[in-house]
Amino acid sequence: MSWPNKPKGGPGLFFLCCLLLALITLVFVGGNLFIIIFRGLQSLPASIRQAETLFAVGLSVRSACISTLLCFLLALPTAWLLTRPGLPLRGVAEVILELTMSLPYIVLGLSLLILFSSPFGKSLKAAGFPVVFSRNGIILAQLMVNLPFAIKLCVTALRGVDDKLEKVAGLLGASPGRRFFTVLLPCCRNALISAVILVWARALGEFGATLMLVGVTRMKTETLPGSIFLNVSTNDLNAALASAFILLLLTAVSLGVDALFRHLGKGQSRYG
Amino acid sequence: MAEREELLRFENFGLTRGAFQLRDISFTLCREEVLCFLGKTGAGKTLLLESAAGFYSPDTGRVLYQGTEVSAIPLHRRNIGYLYQDYSLFPKMTVRANIGYGLRMQRRSREEIRARVREMAEWFEIGHILDQHPGTLSGGEQQRVALARALITRPSLLLLDEPFSALDPRTGRKISDKLTELRKELHCAVIFVTHNFREAEELSERIGILAGGKLCGVVPKEELYSSEWPPEAAALLGIEEKT
């Protein structure tokens, strides 16, 4: 192994200090993974056959998929608007998004609880769309938590596209909508796929806002994080670790898919 | 020369972008005319071209294109071709899709698009690279693709930003000959900016000089060295050294 810019006479004190601290960090962070993988793997065969675990996996995956879809249906047009030059009140919109993003999720859940416990929420329930203590609430909680984050990711992706491409497309006769679909979206496709996967993984692991809005009821609103919480509460550590392992596995698969898309997106280069 | 209809008019145009200012820009361009702006790097050449395309609303004055303020015309209805210095080809599309993009936006039939793309590709001798992506092309090939893409919609005005600066002289000359021929056939007016005197004199009918964001004047190319110029333009032309 060769080190870049290796000093003559061996590594210096600063390098050794950084190496030591990096090793401690990796052991500290990686230790968590180690515990979840090895303890979770031991508990998995027994837990995976339980209806409760399967219910939690199904509910988590389903709600994460729906909330991610809704999230990007709202985030993409918002992000597009935020990247338009000369947009009035852009600063205000950005402050709102930043503030929401920096709030603890349990606070977001609290505000959702107040909103959907109001006459508005009650009329929604009467119309057949209950939110509080219902599975719809899980999707809404995930949506609320992830939306500002998704908008930020979309804004970054859209800003990464050279604005000259849009100008040229416009002069070639493309309306704003067609510029968006034919030039902007294809150019930031990989960044958007990464964003979707990241948001989906975050939705899968969302707990704070969901707990506040819908609580955790066995076999009703029990997502994977909720299942971990319930099992730890009842001192069933093995079942909790099995759920944690499944969460880790799903996240790893999503990261793998992301890496695959990045790999497929390479090429089309004269020198690459 | 017969009287030609006016296509573009800059009237006391002024624009500030960051710390840079374009000021006191006034000139007209007639249909089918070729006008060149000479200037050093940082003189405001690209900003002038972008202003002609109507990308910015002016701080002072106005830019009239076919009698209408250009920035008030929706971008997709201006019928202006633009060639950026880096060509700005759509990276995710093949050369064929890049060239045919404008016709697709005009909702032309598939057969017409195919035929006109082939015709344009033959003209610019790029038929062999139609299925490649821009990232796999040389600079000269990219430039020909960008020109074909800009000209296929038969624009009334073509704006070229340092079109031959990144090419070797032989390729540049070959492409400029092609461009001149095709421009005449399409009856298209051209504004191009460059810092290359030879290109300016060979390709244009009139030449303007930009210095520090100010237009020092526009003269017929034959009068470039005999006209009265302010000191900054004279310095660019090297007139002081000659006399």
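Because the model is predicted, local features need pLDDT of at least 70 and side-chain atom pairs count only at pLDDT 80 or more, while totals for chains, interfaces and linings use all residues. Residues are numbered from 1 along each chain as its sequence is written, and chains are lettered from A and ligands numbered from 1 in the order in which they are written. Chain A has 12 helices and 0 strands. Helices here are DSSP runs of H or I with at least four residues, strands are runs of E with at least two, and both are numbered from the N terminus.

**Chain A overall**

- Reading from the N terminus, the elements of chain A go α-α-α-α-α-α-α-α-α-α-α-α.
- Along the principal axes, the C-alpha atoms of chain A fill a box of roughly 65 × 60 × 30 Å.
- Of the 272 residues in chain A, 32% are buried. Buried means 20 or more other C-beta atoms within 10 Å of the residue's own, exposed means 12 or fewer, and partly exposed is in between, with C-beta atoms placed from the backbone.
- Take the contacts in chain A with a separation of 6 or more: 77% of them come from residues 24 or more positions apart. A contact means that two C-beta atoms, placed from the backbone, lie within 7 Å.

**A look at helix α8 of chain A**

- Helix α8(A) covers residues 176–187, which is 12 residues, and spans 15 Å from first C-alpha to last, close to the 16 Å expected at 1.5 Å a residue. That expected span is 1.5 Å times one less than the number of residues.
- Which residues of α8(A) are buried? They are Arg179(A), Val183(A), Leu184(A) and Cys187(A).
- Looking down the axis of α8(A), those buried residues fall within an arc of 85°, so they line one face of the helix. The arc is that of the directions from the helix axis to the C-beta atoms.
- The buried residues of α8(A) pack against α6 (135–159) and α7 (163–171) of chain A.
- On the face turned away from the buried side of α8(A) sit the exposed residues Gly177(A) and Phe181(A).

**Where the chains touch**

- Chain B puts 22 residues in contact with 18 residues of chain A.
- On that side of chain B, the elements giving two or more residues are β6 (80–83) and α2 (95–105).
- By class, this side of chain B has 11 nonpolar, 9 polar and 2 charged residues. Nonpolar covers Ala, Val, Leu, Ile, Met, Phe, Trp, Tyr, Cys and Pro, charged covers Asp, Glu, Lys and Arg, and polar takes the others, Gly among them.

**Strand pairing in chain B**

- Strands β1 (residues 6–17) and β4 (residues 60–65) of chain B run antiparallel, joined by 5 bridges. Strands count as paired if DSSP finds at least two bridges between them.
- Glu11(B) stands opposite Arg62(B) in β4(B).
- β4(B) also pairs with β5 (residues 68–69) of chain B, in the antiparallel sense over 2 bridges, and Tyr65(B) stands opposite Thr68(B) there.
- β4(B) and β5(B) make a hairpin with 2 residues between them, and Gln66(B) in the turn has a positive phi of about 55°.

**Positive phi in chain B**

- Asn12(B) is not a glycine, yet its phi is positive at about 45°. Asn12(B) lies in strand β1 of chain B and is exposed, with 12 other C-beta atoms within 10 Å.
- Glu162(B), another residue other than glycine, has a positive phi near 40°. Glu162(B) is in the loop between β7 (157–161) and α5 (169–186) of chain B, and counts as buried with 20 C-beta neighbours inside 10 Å.
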